[in-house]
Amino acid sequence: MDLYPLLYSLADGNFHSGETLGKNLGVTRTAIWKQANALKALGVELHSVTGKGYRLPEPMNLLSREQILATSQTDREALDKYFDLHLSIGSTNIEAMKKAQAGYSRYLVLAEHQSQGRGRRGRTWVSPLGKNLYFSLMWSFQNGVSALEGLSLLTALVVVRALQKAGFAGLGLKWPNDVLLNGNKLAGILLEINGDKTGPCQVVIGIGLNINMPQSAGAEIDQPYADLAASGGMINRNWIAAALIDGLHTELEKFVVSGFAPYRQEWESLDVYRDKEVQVQSGAGIIRGVVAGVDVGGALLLNTSSGIQAISGGEVFPSLRPV
Ligand code: BTN
């Protein structure tokens, strides 16, 4: 059942009768009723009033494939062939990975809603419909996973740059790849790899960006979070999606040639934990020290009692997440 036409018809926030909707969409009133229930099942707050019809509580600025393509500076004809926008999907990362397995070398998957949004370390990524961005770009690399060092840090930097360009301030980074707004988590990044770990492989770069998190969905998040709506101003999700697409396409081409090194200084300048005392939970246990930056491969440099240690995987505490 394609629910997009109905949601588009309701996006203005006005009442629409079942009869008019049915006529416009070429289906029966019963079909509209069924679709309305399906939207409700996806978490859409849809009011139905006898004699008036259906209405969303407020207008909804839906993602539009056409608007994104029109706004993006990336080769439009090419992008058009490897870009899907879904109303609802399990996980955009899983879908993008399927495209890698189907033989595509690049693929972009966006969704308005994820029923099984995935976070790092097996966590869930809360993904209500029509509010945030759920974005996965699959990209092919030729030289194995060692050439991917720093890719997740670069992705977080691309997110910050796109948002700074849109006029947002108060953005920061937390190693390895969290984007913070005024100290709280605004966006998370999940990289997943397919293929030969020493040769050609495909990487799915998954980005979850909180734009207008409803309170009810926010209550499910187990750490202090931020969204862009709280900082005021006009937010055009299509524009932000296009800026992420452009930023990633431009920087991934450069990253393949030069790696993370050229981004290191800018990344460090945004690190909210720089020069702060932290604990890092990694495979080797808990390491304490003062954050001294990151190296050219994106490993965290920690000044410990036994000197500088480079840590390539783990989580920094004091975490924003209650322990
Ligand atoms: C994190 O835990 O910080 C990473 C969160 C990554 C979430 C994004 S949303 C789009 C993509 N699809 C997923 O299932 N996860 C990533």
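**View 1. A salt bridge joins R274 to E268 in this predicted model.** The closest N and O atoms of R274 and E268 are 3.7 Å apart. R274 counts as partly exposed, at 30% relative accessibility. E268 counts as buried, at 15% relative accessibility. Side chains of opposite charge can pair when their charged atoms come close. E268 also touches G293 and V294, leaving aside residues up to four places away in sequence.

**View 2. E268 forms a salt bridge with R264 as well.** Here the closest N and O atoms are 3.8 Å apart. E268 lies in helix α10, which covers residues 264-269. R264 and E268 are separated by about one helical turn because they are four residues apart in helix α10. How accessible is R264? R264 counts as partly exposed, at 27% relative accessibility. E268, at 15%, falls under the 20% cut-off, so E268 counts as buried.

**View 3. Domain 2 meets domain 3.** The domain assignment of the protein chain gives domain 1 (4-55), domain 2 (65-268) and domain 3 (273-322). The centres of domain 2 and domain 3, taken over C-alpha atoms, are separated by 24 Å. The contact takes 21 residues from domain 2 and 22 residues from domain 3. The size of an interface is often given as the accessible area lost when the parts come together. About 1800 Å² is buried between domain 2 and domain 3. Carbon and sulfur atoms give 54% of that area.

**View 4. Polar and charged links run between domain 2 and domain 3.** The count of salt bridges between the two domains is three. Seven residue pairs are in polar contact, with both residues at pLDDT 80 or more. On the side of domain 2 that touches domain 3, β8 (184-195) and α10 each supply at least two residues. α10 gives the most to this side, with three residues. By class, this side of domain 2 has eight nonpolar, four polar and nine charged residues.

**View 5. D84 and K99 meet in a salt bridge.** The structure holds 17 salt bridges. In this one, the side chains of D84 and K99 are 3.8 Å apart, N to O. The pair links distant parts of the chain, 15 residues apart. D84 sits in strand β3 (residues 83-86). K99 sits in helix α6 (residues 92-101). Is K99 buried or exposed? K99 counts as buried, at 17% relative accessibility.

**View 6. Helix α6 is mostly covered.** How many of its ten residues are buried? Seven are. These buried residues are T92, N93, E95, A96, M97, K99 and A100. What covers them includes β3, β4 (106-111), β5 (133-141), β8 and β9 (201-209). At the start of α6, a side-chain oxygen of S91 reaches to within 3.1 Å of the backbone nitrogen of N93. Just after α6 comes G103, with a positive phi of about 105°.

**View 7. Four residues are linked in a network of salt bridges.** Which residues are they? The network links R161, E251, K254 and E266.

**View 8. A226 is buried in a loop.** The loop runs between α8 (215-218) and α9 (237-258). A226 has a relative accessible area of 8%, so A226 is buried. What does A226 touch, not counting residues up to four places away in sequence? The residues are L181, N184, K185, L186 and N210. S9 gives a reference point elsewhere in the chain: A226 and S9 are 217 residues apart in sequence. In space, A226 and S9 are 30 Å apart, C-alpha to C-alpha.

Conventions:
Residues numbered from 1 in each chain as written. Predicted model: local features only at pLDDT ≥ 70, side-chain atom pairs only at ≥ 80, totals over all residues. Heavy atoms only, no water. Buried < 20%, exposed > 50% of the residue type's maximum accessible area, 1.4 Å probe, protein only. Contact = heavy atoms within 4.5 Å. Domains from an automatic or database assignment. Buried area = accessible area lost by both parts, 1.4 Å probe. Polar contact = N/O pair within 3.5 Å; in protein donor to acceptor, adjacent residues only side chain to side chain. Nonpolar A, V, L, I, M, F, W, Y, C, P; charged D, E, K, R; others polar.
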